[in-house]
Amino acid sequence: MDRQGIPKKGVISRLIEPVLFARRFLSNSTRLFVLVISSGVVSNVALLLVPFYIGEAVTALENGSFSRTIHIGILIILAYTVSAVVNFIVTYGAQYISQTYAFNLRKEFVAHLVRKKYLFFETQTSGDLLSRGTQDIEQTRNFILNIFTNLFPTIFLIIAAFILLFLISPYFSLLLALAVPLLVYLGMMSSRRQRPIWKQIRDTFGKLGEALQENIVGQRVVRGLSTENQEIEKYSSLTKQYFDENYNVVRSRVVFNSLLPLVIAGISSVIIGVGGYIDLLNRGDVGGLVSAVMIFSILTSPVSFIGRMIVFSENSRAAIARIQEITESGDEEQVEKSDDRLVPGTLSFDHVRFSRGDRVILRDVTFKVNPGEFIGITGKTGVGKTSLVNLITRYYEADSGSITLNGRNINDIQLSLLRSRISIVPQEINLLSGTIRENILFGLDAPDEMIISAARIAAISDFIESLPLRYDTMVGERGITLSGGQRQRIAIARAVLRNPLILILDDATSSVDPDTEITIFENLKSALHDSIIILISLRASALSFANKVLILEEGELKYEEGEEGNYVDRI
């Protein structure tokens with residue numbers, strides 16, 4: 001392993017590894033592979049015939065055979081035509097293959113990402129995950145594209161060039177056999193210097209994306225606290241790091257790109273000098289010498305490309321390693337749909353304990369909530385209120401004890417089924433950058449009557465009806481055009497539309513005025529009379545609606561029971 005965690009492998013292995021990774025995303029493209037590769041071979045060989053024919057033309061002119069020169073000219077045009085037509089198939093087919101690969105990889109990446117456990121996202125940054133799902137996938141796509149448009153055809157081009165040069169003169173083919181390994185070796189040396197840098201570049205790019213996203217999403221905070229200069233300085237520092245890492249790669253490339261023309265020029269000089277001397281001694285034809293020089297000139301770019309491909313493979317392997325950290329790291333949940341059903345029933349916590357590392361958050365928590373009950377959970381900030389409800393949805397797993405719903409342990413209920421019957425409205429609301437209707441539906445298919453009914457329960461229908469486009473009003477990214485209270489009420493409508501067995505309101509009315517809050521709670525108790533409603537709040541006015549109030553103190557649970565509206569008197 002190198003310092004960046006990328007296994008050290010041979011040149012061929014490094015080139016083939018991205019191809020092997022891509023193979024399973026292209027399982028139905030075998031015929032297209034054959035067509036693209038064979039077309040690339042035909043295109044390059046046709047192009048390679050041009051210098052051969054030009055050499056023949058020179059020889060014909062040297063011998064005074066002008067009629068043969070005309071025929072050779074027609075062959076040259078024909079070779080260029082065939083090369084151009086077939087090259088269209090190569091370009092189109094390779095683009096289709098690479099885009100198909102990226103299409104399938106993106107689907108798998110997202111499928112793995114959305115199944116990751118809740119804890120996974122607490123240790124990751126959205127900017128870095130975005131970089132992996134976009135920039136890294138695109139990097140590997142470009143490598144696959146170059147594999148089919150250049151690498152495979154180039155290998156056959158070198159073989160064909162060797163055969164042609166051997167027919168002209170074994171001496172020329174020997175020069176080619178010596179030159180190719182030298183060029184590839186130069187590419188290997190450049191690759192070896194760049195290998196440790198590429199993963200750093202990918203990681204730094206992820207940090208750049210995260211910093212930029214934080215500034216865009218948190219632009220109100222940045223302006224409100226007048227921290228523009230600090231944010232600019234922070235981003236500039238990351239940009240400088242990204243610049244330095246790319247500059248280190250560029251320096252290595254410059255050395256390689258400078259040596260390459262020098263090597264080709266040296267080989268051409270040897271061909272012209274020594275080849276011309278041999279031609280004079282043997283009184284051979286000048287056409288062969290011209291063909292050899294032109295063939296080496298044509299080979300300059302393709303052969304140098306092989307060296308560059310070794311370099312590009314390092315970038316691609318670094319990107320693949322970052323992608324595989326998501327797709328092959330495990331730690332995923334089974335969220336397949338279930339035909340099973342859940343009916344209203346009692347929610348029970350039985351001696352539940354939960355900890356994060358060495359910190360015990362909940363200890364020996366026991367309580368029961370029956371269908372139709374509205375309970376409140378309160379306690380000091382950071383005491384574990386949200387952690388408690390996250391155990392119900394199995395975002396977290398309890399260390400010990402059991403949680404049951406209608407007598408069934410929630411660990412025995414299929415995860416997709418359990419969560420489909422639980423609705424959560426968090427304090428921080430995430431809305432789509434779509435219409436109000438789309439945000440209330442959020443993946444469901446329901447008639448307008450149900451959408452309007454849910455909006456009325458959430459006390460947001462009057463506001464929506466006052467808008468020119470009503471439910472078709474765009475809310476902007478993350479609902480930026482709405483107030484905090486409006487976003488919360490739309491989220492409550494979204495939760496109610498699902499007719500949950502358990503509705504969890506995690507400080508979900510903190511931005512709503514007291515009168516509207518009372519209306520919402522009254523509507524919820526009336527509409528969801530068979531559901532369990534759990535409210536997390538520090539506001540006495542909100543908790544006054546609870547049939548039962550659970551108080552968390554240092555991880556332990558206390559509760560007080562009484563009639564509605566007596567919360568203030570009891571506390």
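1. Glu-210 touches Thr-125, Ser-126, Gly-127 and Asp-128, leaving aside residues up to four places away in sequence. Contact here means heavy atoms within 4.5 Å. Glu-210 belongs to helix α6, residues 170–217. The C-alpha atoms of Glu-210 and Asp-128 are separated by 6.1 Å, although the two lie 82 residues apart along the chain. Glu-210 is buried, at a relative accessible area of 13%. Buried means under 20% relative accessible area, exposed over 50%, and partly exposed in between, with a 1.4 Å probe and protein chains only.

2. A word on the basis. This is a predicted model: local features need pLDDT of at least 70, side-chain atom pairs count only at pLDDT 80 or more, and totals for chains, interfaces and linings use all residues. Residues are numbered from 1 along each chain as its sequence is written, and side-chain values use heavy atoms, with hydrogens and water left out.

3. Ser-39 sits in helix α2, residues 30–62. Ser-39 counts as buried, at 6% relative accessibility. Which residues does Ser-39 touch, not counting those up to four places away in sequence? They are Val-86, Ile-89 and Val-90. Val-85 is 46 residues from Ser-39 in sequence and 9.5 Å away in space, C-alpha to C-alpha.

4. Now the whole chain. The chain has 18 helices and 10 strands. These are DSSP runs numbered from the N terminus: helices are H or I with at least four residues, strands are E with at least two. Of the 571 residues in the chain, 46% are buried. Contacts with a separation of 6 or more are 77% between residues 24 or more positions apart.

5. Four strands form an open sheet in the order β2-β1-β4-β5, with antiparallel pairing. The edge strands are β2 (359–369) and β5 (408–409), each pairing on one side only. Two strands pair if DSSP finds at least two bridges between them.

6. Strand β1 (residues 347–356) is joined to β2 by 7 bridges. Val-352 stands opposite Val-365 in β2. β1 also pairs with β4 in the antiparallel sense, over 5 bridges. There, Leu-347 stands opposite Leu-405 in β4.

7. β4 and β5 run antiparallel and are joined by 2 bridges. Leu-405 stands opposite Arg-408 in β5. The two strands form a hairpin with 2 residues between them. Asn-406, in the turn, has a positive phi of about 55°.

8. Which strands does helix α10 lie across? Helix α10 (residues 385–392) lies across β1, β2 and β4 (400–405), running at about 120° to β1. Axes are lines fitted to C-alpha atoms, for helices over the stretch in contact, and angles run from 0 to 180 degrees between N-to-C directions.

9. Helix α15 (residues 484–497) and helix α16 (residues 514–527) have axes that come within 13 Å and cross at roughly 0°. Therefore α15 is roughly parallel to α16. Angles under 35 degrees count as roughly parallel, over 145 as roughly antiparallel, 65 to 115 as roughly perpendicular and the rest as oblique. From α15, Arg-489, Ile-492 and Val-496 make the contact; from α16, Thr-516, Ile-520 and Leu-524 do. By class, this contact has 4 nonpolar, 1 polar and 1 charged residues. Nonpolar covers Ala, Val, Leu, Ile, Met, Phe, Trp, Tyr, Cys and Pro; charged covers Asp, Glu, Lys and Arg; the others, Gly among them, count as polar.
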